[in-house]
Amino acid sequence: MNTSSSVVEILSAEEMRRTLNRLASEVVERGGDLSRLVLLGIYTRGVPLAHLLAQQIQRLEGVDLPVGAIDITLYRDDLDKISTRTPARTEIPFDISDRVVVLVDDVIFSGRTIRAALNAVIDYGRPSAIRLAVLIDRGHRELPVRPDFVGKTLPTAKDEAVKVFLQDPDGRDGVELLKRS
């Protein structure tokens, strides 16, 4: 049986820029005291997204938010099924205790990545609150996880794939949906 697929552009570079601007504005508006706020990007694309959000918040408010990176590999519930192991790349150069942590990721799907990220964050301190910002929410949760800040809600079929492209590391910005046909 021959299966083919098609690619549909969901966000162009310009639409992605506007979406990130809106996300940054929402984080500012609903984030509370910005002096207590920190951003933690989830590897891989959550890290550059966290930096982009921090840059936009700096432009909007003149506040430099601390940005860190969290590697959830060892917290995954499917370690027995994946062949690749990455060395721990977590970089949190600040204390997260009693801070409001905003986890940043590119796409939320089942919620399992976020569950792993929550476990990882707690190993580094006890934040006063943890919020979640995602560029794309594609649905199909397996766990009771809901993002606080969503760039775009994109209903998908389970067998479809969402691909986020960022200048760093991909050389371009955009979001595509890979549809199986």
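Helices here are DSSP runs of H or I with at least four residues, strands are runs of E with at least two, and both are numbered from the N terminus. This is a predicted model, in which local features need pLDDT of at least 70 and side-chain atom pairs count only at pLDDT 80 or more, while totals for chains, interfaces and linings use all residues. Residues are numbered from 1 along each chain as its sequence is written, and side-chain values use heavy atoms, with hydrogens and water left out.

I will start with strand β2, residues 37-42. Of its 6 residues, 6 are buried, meaning under 20% relative accessible area with a 1.4 Å probe, protein chains only. L37, L39 and G41 point one way from β2, and V38, L40 and I42 point the other way.

Now its neighbours. Strands count as paired when DSSP finds at least two bridges between them. β2 runs parallel to β4, residues 100-108, with 5 bridges, and parallel to β3, residues 67-70, with 4 bridges.

Next, the second largest pocket. A pocket is an open set of points on a 1 Å grid over the protein atoms alone, where a 1.4 Å probe fits, with protein on both sides within 12 Å along at least five of seven lines; lining residues have an atom within 4 Å of a point. Among the lining residues here are A13, M16, L52 and D173. Two or more of the lining residues come from each of α1, residues 13-30, and α2. Which element gives the most to this lining? That is α1, with 5 residues.

Notes: Buried < 20%, exposed > 50% of the residue type's maximum accessible area, 1.4 Å probe, protein only.
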